[in-house]
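Please keep the structure open as you read.

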Amino acid sequence: MDKKRIVVKIGSSSLTNAKGEIDKAKFNDHIEAIVAAREAGHELILVSSGAVAAGFTKLGYPVRPVTLKGKQAAAAVGQSLLIQSYMKELEPYGIFPAQILLTRNDFSKKDRYRNAYSTISELLSRGVLPIINENDTVSVEELTFGDNDMLSALVSGLMHADQLIILTDINGLYDSNPRVNPSAKRLDILDDITEEMLSFASGAGSSVGTGGMKSKLIAAKTALSLGVKVFIGRGQGRIKILQILQGDGDGTYIGKQFLTSVKNQKQWISLHSSVSGKLFVDEGAETALLTKGSSLLPAGIFGVDGVFEKGDVVEVFGRRGLLGRGEVLYSADEIRKLMGKRREELERERVFFTNEVIHRNQWVQLYEGGDKDV
Ligand SMILES: Nc1ncnc2c1ncn2[C@@H]1O[C@H](COP(=O)(O)OP(=O)(O)O)[C@@H](O)[C@H]1O
Ligand SMILES: N[C@@H](CCC(=O)OP(=O)(O)O)C(=O)O
């Protein structure tokens with residue numbers, strides 16, 4: 001995989017709980033993913049929210065404060081708690097973090113902009129992990145970013161990042177807020193943010209998040225305009241950032257490059273490829289492939305036929321017969337070892353780099369019948 005420069009934005013809801021504490025399990029999951037991405041050679045810049053959310057209970061507020069001075073006071077306390085946690089949890093991996101607090105002025109004044117670029121570049125070249133947040137204590141209303149989504153978009157432009165990853169508590173953009181409408185559908189890949197998409201998105205999903213999906217889409221639009229492609233979603237475990245970079249993330253990918261690459265891959269699979277083998281899948285996997293637009297996971301496979309390598313195209317059969325064809329991310333021998341196993345089991349054994357055997361972007365459905373055929 002190419003070495004990439006990535007800005008990862010982590011929202012308050014993905015770092016803290018509703019009681020206003022840093023959530024150790026969530027926090028350490030991010031740490032492991034950051035370490036894995038750096039070990040793979042990528043350069044990471046973190047934009048971390050959570051200062052207000054981690055600080056407000058220490059000041060005696062029962063819930064996240066709404067006044068500017070309340071938020072600023074809470075952020076002053078919470079920011080040090082956050083950085084303390086980052087330092088403590090990164091130390092065993094030999095990673096040193098640097099705290100950078102920015103205001104909007106730092107992006108509108110040329111000399112400040114240049115200085116921010118030079119400082120962050122110097123930190124990266126010395127192997128330090130820059131951790132950025134808004135300088136809440138000195139930001140006055142008209143100079144705030146509104147939220148860290150926009151801050152992360154501007155940072156990704158400033159640092160010429162290859163990709164902006166916005167990690168949140170939901171797996172991407174839906175065509176309406178899924179917390180209100182359970183039948184909302186997830187949008188997997190977008191080439192741009194349109195007015196219609198902005199109209200799908202509403203406010204925050206938790207008592208600690210701000211801005212909701214709308215602010216992420218506005219930020220994504222800004223990042224795209226600065227030449228940076230975007231992922232919005234979530235993930236779990238140490239390989240989550242790597243999975244996102246490989247196109248296997250659980251969320252919405254935004255950028256023309258994503259759409260073109262998926263179109264090209266699908267075209268190649270359906271038109272040019274010869275088939276090297278067969279996979280046989282159970283009912284759950286069949287339903288997931290045909291009706292949910294899911295990827296094919298090891299747990300749903302019960303049979304492998306043929307000799308093939310990673311990158312070959314195979315046919316997939318279920319109860320309905322031939323379901324489709326796709327490019328495999330593992331060889332036939334590897335799939336024989338993985339099949340029937342669930343993600344947790346594989347993760348414990350650390351035997352895989354990606355959880356999918358066939359990614360949804362490398363899958364072409366051939367079955368055209370309805371449910372009545374079953
Ligand atoms: N169309 C939509 N698709 C997905 N999420 C949406 C949508 N509209 C609103 N949301 C809400 O946006 C929330 C994420 O934003 P937010 O709470 O600000 O998170 P963070 O703390 O990560 O910045 C989700 O939990 C969800 O409730
Ligand atoms: N600077 C604030 C950021 C608030 C914010 O944007 O939060 P979120 O919507 O969770 O990214 C803090 O650290 O609490």
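Which elements each supply at least two residues of the shell around ligand 2? They are α2 (51–55) and β4 (129–134). Please bear in mind that this is a predicted model.

**The shell around ligand 2**

The largest share of this shell comes from α2, with 3 residues. Around ligand 2 there are 17 residues, and those that come nearest are Ser-12, Ser-49, Ala-51, Val-52 and Asp-147. Sorted by class, the shell holds 10 polar residues, 4 nonpolar ones and 3 charged ones.

**A look at Lys-240**

Next, have a look at Lys-240, which belongs to helix α9 (residues 240–246). Is Lys-240 buried or exposed? Lys-240 counts as buried because it has 24 C-beta neighbours inside 10 Å, and the cut-off for a buried residue is 20 or more. Setting aside neighbours within four places in sequence, Lys-240 is in contact with Ala-33 and Gly-235. Arg-320, by comparison, sits 80 residues from Lys-240 in sequence, and the C-alpha to C-alpha separation of the two is 33 Å.

**Two packed helix pairs**

Two packed helices are described by the angle between their axes and the distance between the axes. The table sets out both values for two pairs in this model.

| Helix pair | Angle | Distance between axes |
|---|---|---|
| α6 (residues 148–158) and α8 (residues 212–225) | about 15° | 8 Å |
| α1 (residues 24–39) and α3 (residues 68–90) | about 55° | 11 Å |

Take α6 and α8 to begin with: the angle between them is about 15°, which makes α6 roughly parallel to α8, since angles under 35 degrees count that way. The crossing of α6 and α8 is right-handed. On the α6 side, the contact is made by Asp-149, Met-150, Ser-152, Ala-153, Leu-154, Ser-156 and Gly-157, while α8 contributes Ser-215, Lys-216, Ile-218, Ala-219, Thr-222 and Ala-223. By class, the residues of this contact divide into 6 nonpolar, 5 polar and 2 charged.

Now turn to α1 and α3, which pack at an angle of about 55°; that makes α1 oblique to α3. The crossing of α1 and α3 is right-handed. Here Phe-27, Asn-28 and Ile-31 of α1 meet Ser-85, Glu-89 and Leu-90 of α3 in the contact. The residues of the contact of α1 with α3 comprise 3 nonpolar, 2 polar and 1 charged.

Key. Residues numbered from 1 in each chain as written. Chains lettered and ligands numbered in written order. Predicted model: local features only at pLDDT ≥ 70, side-chain atom pairs only at ≥ 80, totals over all residues. Near = placed C-beta within 6 Å. Helix = DSSP H or I, 4+ residues; strand = E, 2+ residues; numbered from the N terminus. Nonpolar A, V, L, I, M, F, W, Y, C, P; charged D, E, K, R; others polar. Buried ≥ 20, exposed ≤ 12 C-beta atoms within 10 Å, placed from the backbone. Contact = placed C-beta atoms within 7 Å. Axes fitted to C-alpha atoms, helices over the stretch in contact; angles between N-to-C directions. Parallel < 35°, antiparallel > 145°, perpendicular 65-115°, else oblique. Left-handed = near helix turned anticlockwise from the far one by under 90°.
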